[in-house]
Amino acid sequence: MPAITFIHSGGNTDHIEASDGESAMQAATRHGLDGILAECGGNAMCATCHVYVDDGWLARLPAMADDEDALLDGAAAERTANSRLSCQIKITPELDGLVLRLPERQV
Amino acid sequence: MSAASSASTGGPPAVPHLDVDPFAVAFFTDPFPTHDVLRDAGTVVYLDKWNVYGVARYAEVHAVLNDPATFCSSRGVGLSDFKKEKPWRPQSLILEADPPAHTRTRAVLSRVLSPTVMKQVRDRFAAAAEERVDVLLGKRSFDAIPDLAEAYPLSIFPDALGLKPEGREHLIPYASLVFNAFGPPNQLRQDAIERSAPHQAYIAAQCQRENLAPGGFGACIHARVDEGEITATEAPLLVRSLLSAGLDTTVNGIGAAVYCLARFPDQWQRLRDDPTLARNAFEEAVRFESPVQTFFRTTTREVELGGAVIGEGEKVLMFLGAANRDPRRWDEPDAYDITRRTSGHVGFGSGIHMCVGQLVARLEGEVILSALARRIARIEITGEPKRRFNNTLRGLDSLPITITPA
Ligand code: HEM
Ligand code: FES
């Protein structure tokens, strides 16, 4: 099972096991992780599952769709070049070891 | 409640037939025991009263919502099948549409109600919430439905849309009509449609470009015409969607939250201790009460769902409220818990038609509950709450309360 490391805005980290095919958001909420709200349940409609993808991983993720791009502009925390919506990151074996940083706020 | 099974011919398991009427006043008064019956009877049930299939478990409701190619909306999301019956009003271009038509109109409304736009209106919505609480603190004893659940959204939403000051008294009756009309041809629906003419006339006029103030959500929709994204005849119908779905829903959502917080003082105390829980307290009320209780889909082909086979052209009723309390999905489903992880509830739907106004609803819910929690110590119910009956919406007509200032 691919592992994901979430780094909270305060610096502490959580390592979780994701199931193949679920999204990074689903893996995080299934493990009760704080810092991802996912108010819309993964429908790419709320921007409360915002993450900053660690530099080394960014290019290895599938490109973002227009709706994700537009939503990120409205994310509560600052949008950077590393910003993605975790509900749109589908976990595959190639993403084993993925590192995602959490913003200080989601709303 | 009797549950007879249809004759089995050795094929897929028979779908249980139930004599439940989910559009009867007796059901609206206390739907929860019947929700249990519906969920426990099977993955899919058949309701003889209206000749429709029903799904009440979370898994099946979620599956139907997320397969719009099989479970379509263009034949109506009420009982009426638009393939057989003329819609009572011109069909909605978003709610009652399928891809690719839906994709285009949805993109327009998503942009008009985006998180970026919410950042722009937040301060205004929050200031109005404080003003509403000022008024309520002046009264101390009042009816929380008209004076809070209705008054607060009415103080912001029509202005945010850019509506004229005149005629706003038609807004709630029109929405109530729309949501009654999704139901079967019962008294509620017939009466609503019979009295609809003045409300429809107001709405039709108010959706026109010249009647919408610049900068409002309505004008923003019309501005998409200039970009070539929608036509000049489509724009008024998309404004109509916000007028239909944007006010009465939040009235019932805020009403649900206040009713929960008044009924469960321990949860009120938690909110008092940490008002940043306001947003989740609202979300949990949407799960717990499910202000929008049901919607239909129509099958576009024969389909297997939860082991049952449903033929083409069948209406399927989704019990959102029952899914939101399905013990197969939720721990302690009948507890109102403002710290619950609510993500995944279907109170706003799911999939491509999931509420396009969900950010507006959450913003309203958050700022009003936060203002209440910071400035009020106690809420006491001082009279018998009265229910308002509607074929789709669940909420109260009257909730007499007394508040104690913090
Ligand atoms: C607590 C408040 C609300 C609740 C519970 C609610 C519930 C829902 C639900 C369950 C759906 C899905 C319909 C379906 O799948 O067929 C929906 C769709 C919709 N809602 Fe809401 N809603 C609320 C507030 C709002 C607001 C504030 C607006 C407008 C500003 C709005 C506008 C719409 C529209 C236009 C659709 C159709 C979307 C589509 O078909 O793509 N709603 N809502
Ligand atoms: S969960 Fe809502 S956008 Fe990702």
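Five cavities of 30 Å³ or more were counted in this predicted model. A cavity is a set of points, on a 1 Å grid over the protein atoms alone, where a 1.4 Å probe fits but cannot get out. Grid points are joined across faces, edges and corners, and a volume is the space filled by probe spheres set on the points. The model is predicted, with local features requiring pLDDT of at least 70 and side-chain atom pairs pLDDT 80 or more, while totals for chains, interfaces and linings use all residues. Residues are numbered from 1 along each chain as its sequence is written, chains are lettered from A and ligands numbered from 1 in the order in which they are written, and side-chain values use heavy atoms, without hydrogens and water.

The largest cavity has a volume of about 740 Å³. Its lining comprises 41 residues, and B:Leu95, B:Ala245, B:Thr249, B:Cys355 and B:Val356 are the closest to the centre. Lining residues have an atom within 4 Å of a point. By class, 25 of the lining residues are nonpolar, 13 are polar and three are charged. Here Ala, Val, Leu, Ile, Met, Phe, Trp, Tyr, Cys and Pro count as nonpolar, Asp, Glu, Lys and Arg as charged, and the others, Gly among them, as polar.

Several elements of chain B each supply at least two residues of this lining, among them α4 (101-112), α7 (171-181), α12 (248-263), β7 (294-299) and α16 (358-375). Helix α11(B) gives the largest share, four residues. Helices (H or I, at least four residues) and strands (E, at least two) are DSSP runs, numbered from the N terminus.

B:Ser241 lies in helix α11 of chain B. The residue is buried, because its relative accessibility is 12%. Buried means under 20% relative accessible area, exposed over 50%, and partly exposed in between (1.4 Å probe, protein chains only). B:Ser241 touches B:Ser92, B:Ile94, B:Leu109 and B:Gly246, with residues up to four places away in sequence not counted. Contact means heavy atoms within 4.5 Å. B:Leu109 stands 132 residues from B:Ser241 along the chain, yet their C-alpha atoms are separated by 9.4 Å.

Ligand 1 has 25 residues around it, and B:His102, B:Arg106, B:Arg297, B:His353 and B:Cys355 come nearest. A residue is near a molecule if one of its heavy atoms lies within 4 Å of it. B:Cys355 is also one of the residues closest to the centre of the largest cavity. An N or O atom in the side chain of B:Arg106 is 2.8 Å from an oxygen atom of the ligand. A backbone N or O atom of B:Ala245 lies 3.3 Å from a nitrogen atom of ligand 1. For B:Ile94, a backbone N or O atom lies 3.4 Å from an oxygen atom of ligand 1.

The second largest cavity holds about 120 Å³ of space. Its lining has 17 residues, and B:Phe28, B:Gln293, B:Asn390, B:Leu393 and B:Arg394 lie nearest its centre. Eight of the lining residues are nonpolar, six polar and three charged.

B:Arg394 lies in the loop between β12 and β13 (395-398) of chain B. This arginine counts as buried because its relative accessibility is 9%. Its side chain makes a polar contact with the side chain of B:Glu289 at 2.8 Å. A polar contact is a pair of N or O atoms within 3.5 Å; within protein, one must be able to donate a hydrogen and the other to accept it, and residues adjacent in sequence count only if both atoms are side-chain atoms. Leaving aside neighbours within four places in sequence, the contacts of B:Arg394 include B:Phe28, B:Asn252, B:Gln293 and B:Arg387.

Backbone geometry was also examined. The peptide bond from B:Pro99 to B:Pro100 is cis, with omega near 5°. B:Pro100 lies in the loop between β5 (71-72) and α4 of chain B. B:Asn51 is not a glycine but has a positive phi of about 55°. This asparagine is placed in the loop between β3 (45-47) and β4 (52-55) of chain B. B:Arg140, also not a glycine, has a positive phi near 70°. Its place is the loop between α5 (115-139) and β6 (141-143) of chain B. B:Asn51 is partly exposed at 49% relative accessible area, and B:Arg140 is partly exposed at 41%.

Methods
1 Å grid on protein atoms, 1.4 Å probe; cavity = no way out; pocket = protein on both sides within 12 Å on 5 of 7 lines; lining within 4 Å.
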